[in-house]
Amino acid sequence: MLKTLWSAPLTAKLGVLVIICYVVVAVFAPVLAPYKETSIVGASYELWSDEYLLGTDNIGRDMLTRLIFGARNTIGIAFATVLLAFIVGGTLGMLAAILGGWYDLVIGRIVDILMAIPSLVFALLLLTVFGTSIPSLIIIIALLDSTRVFRISRSAAMNVVVMEFVEAARLRGEGMAWIIRKELLPNITAPLLAEFGLRFCFVFLFIASLSFLGLGIQPPLADWGSMVRENATLITYNDITPLLPAVAIAGLTVAVNFVVDWMLHLSSGLKKEHQ
Amino acid sequence: MSSVLKIVLQRLGLGLLTLFAVSIIIAFVVELLPGDITQAILGQSATPETVAAFRKEIGLDRPAHIRYFEWLGGMVQGDLGQSLASKREISEFVGTRLSNTLFLGGLASAIAVPLALILGLLAALYRNSIYDRIVNLLTLTSISFPEFFVAYILILFLSVKAGFFPGISNVSTDLAFSEQLFRTILPALTLTLVVLAHMLRMTRAAIINLLSSPYIEMASLKGTKPFRIIFHHALPNAWGPIVNVIALNLAYLVVGVVVVEVVFVYPGLGQLLVDSVSKRDLPVVQACSIIFAAVYILLNLFADIVSIISNPRLLHPR
């Protein structure tokens, strides 16, 4: 694993490094941040100074602190959402590949219809109805995203289901869970992992957009999308502070995209071309 | 030709069916509202009598499927119901909003589509060159940017620092066309940057895929000039995938427009949708959702049909 990483292109190495930095910041947020997440420490919109390294926000909370805690909330919620989407979509997709027939047809059509509605619009409709608490945010976006995961995992599993070893396992009388876990999953891990990275980027940006619209993660929790929205007026005064959370968002998605790009190259067998 | 017509008609039917299914889903989701819509409007302290009276007033006392068909029937005739917040007919103000959004989307695609096609074609022709690698790096980076980030960067540089364009796009119908165009430039540029990368990458992939097919290799082996290969051999087969790419991205644009409209305070349908969601004005949300979904489905359908029609193998059956 480490050996393949060593021979990876520069962009992929950089991506891995950046991702590790983000995770460290997210995990050790309370240690790294100079103040508490929601405490008001000064006047609103203070400039950058020794006391407040990046100034304060619209109601006087320390910007750097919010930025560090934002890593925790924004990345954590996006990660939980993608994980849930993969558990639901992946299981349904693999079941569709194994069972086939009516089950495959019905789930496939439902997914088709759900994908015919633009996801941001559908998410807004669902959030109007169910409210914008964090659990409902995670469940709604995971549900919308599991449709894509369903398609990917179904088509990946389709190629494996026809293999002899799956047939042998079936004839041995193994249960559905065993076949999925021991026969299917190890063989479709590579494409699913790359897809996980892509979906993470998508969900991460999606939640950031929702929060920016004021309909995602709700205050007083620190979150990068809503931080941009709350402090946006500063931009008209030629101050770049409100853009920093957006830079943080972009930095992580660029890093993940670089790594995914490399993983896709690896699995498509085009190793030589990239170097 | 008749077989093409049959496939196209089939797709059209399927599209209508999808639209119908989507309308059912949207109506069903609204039915799911926990508690009741009346409680959301009147508040927790409303007496049972006022709740009952209000339910009767907005027709909630009748069964769900009857209300659904009434709503659908109204939709078809252009009657979208009444806003809960302002008590106005939705069809009165949704029209100008929609045309504003279509204007913005149209302007953005008028810039983005030709640009993406040319840059994507060049990247495919000179693949693995320095140009291709730079394009690859830049597009990968810009795909990772949230829309509002692109929007604020443009505002910061082109509006605040340079002062070229207004940072707020408050267009209205009584403005002259040139003024309207001028105020819409910044949001349109933002949307262009947002879809350009996707479109460019997909165009590049489609062309590369095509150029690696045996008949192109044959053409180049027999000494055909590169220019002629592209325009005579490759392009007739490439139109399908390319139009598909364009329509898919226009469909994406329809949704991306929501965030951009909010940033620039542009009076379009997306802004209306977001406002109504925060006010929990369900009839308006419902109407906006179905309009957005319809445009999205129509664009996808259009992509499907064009890629069928432009397929030379289907047009000249043996």
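Some ground rules come first. Residues are numbered from 1 along each chain as its sequence is written, while chains are lettered from A and ligands numbered from 1 in the order in which they are written. Because the model is predicted, local features need pLDDT of at least 70 and side-chain atom pairs count only at pLDDT 80 or more, but totals for chains, interfaces and linings use all residues.

How confident is the prediction? The model scores ipTM 0.81 and pTM 0.85. For single residues, the guide is pLDDT, the predictor's confidence in each residue, from 0 to 100. Chain B has a mean pLDDT of 81, and 92% of its residues reach 70 or more. Within chain B, helix α2 (residues 37-42) has the lowest confidence, at a mean of 64. Helix α9 (residues 214-221) of chain B has the highest, at 88.

Now look at chain A. It has 11 helices and 0 strands. Both terms refer to DSSP runs, numbered from the N terminus: helices are H or I, at least four residues, and strands are E, at least two. The C-alpha atoms of chain A fill a box of roughly 70 × 50 × 30 Å, taken along the principal axes. Of its 275 residues, 44% count as buried. A residue is buried if 20 or more other C-beta atoms lie within 10 Å of its own, exposed if 12 or fewer, and partly exposed in between; the C-beta atoms are placed from the backbone.

Chain B is also built from helices. It has 13 helices and 0 strands. Its C-alpha atoms fill a box of roughly 85 × 60 × 35 Å along the principal axes. Buried residues make up 33% of the 318 residues in chain B.

Contacts show how the chains fold back on themselves. Two residues are in contact if their C-beta atoms, placed from the backbone, lie within 7 Å. Take the contacts in chain A with a separation of 6 or more: residues 24 or more positions apart account for 65% of them. In chain B, the corresponding figure is 72%.

The largest nonpolar core has 153 residues. Such a core is a set of buried Ala, Val, Leu, Ile, Met, Phe, Trp, Tyr and Cys residues joined through C-beta atoms within 7 Å. A:A123 and A:I141 have the most contacts inside this core. Helix α4 (residues 63-99) of chain A gives the most to the core, with 17 residues. Set aside neighbours within four places in sequence, and A:I141 is in contact with A:T81, A:A123, A:V203, A:F206 and A:I207.

Where do the chains meet? In all, 42 residues of chain B are in contact with 35 residues of chain A. On the chain B side, α7(B) supplies the largest share, 8 residues. That side divides into 32 nonpolar, 7 polar and 3 charged residues. Here Ala, Val, Leu, Ile, Met, Phe, Trp, Tyr, Cys and Pro count as nonpolar, Asp, Glu, Lys and Arg as charged, and the others, Gly among them, as polar.

B:T190 lies in helix α8 (residues 177-211) of chain B. B:T190 counts as buried because 26 other C-beta atoms lie within 10 Å. Beyond its neighbours within four places in sequence, B:T190 is in contact with B:E147, B:V150, B:A151, B:L154 and B:V260. A:D104 lies in helix α5 (residues 101-115) of chain A. With 18 C-beta neighbours inside 10 Å, A:D104 is partly exposed. A:D104 touches A:A96 and A:L99, not counting residues up to four places away in sequence.

α10(B) bends by about 60° at B:L235, and a proline, B:P236, follows within four residues. The bend is the angle between axes fitted to the seven residues ending there and the seven starting there.

B:V265 is found in the loop between α10 and α11 of chain B. Most residues other than glycine have a negative phi. Phi of B:V265, however, is positive, near 50°. B:V265 is exposed, with 12 other C-beta atoms within 10 Å.
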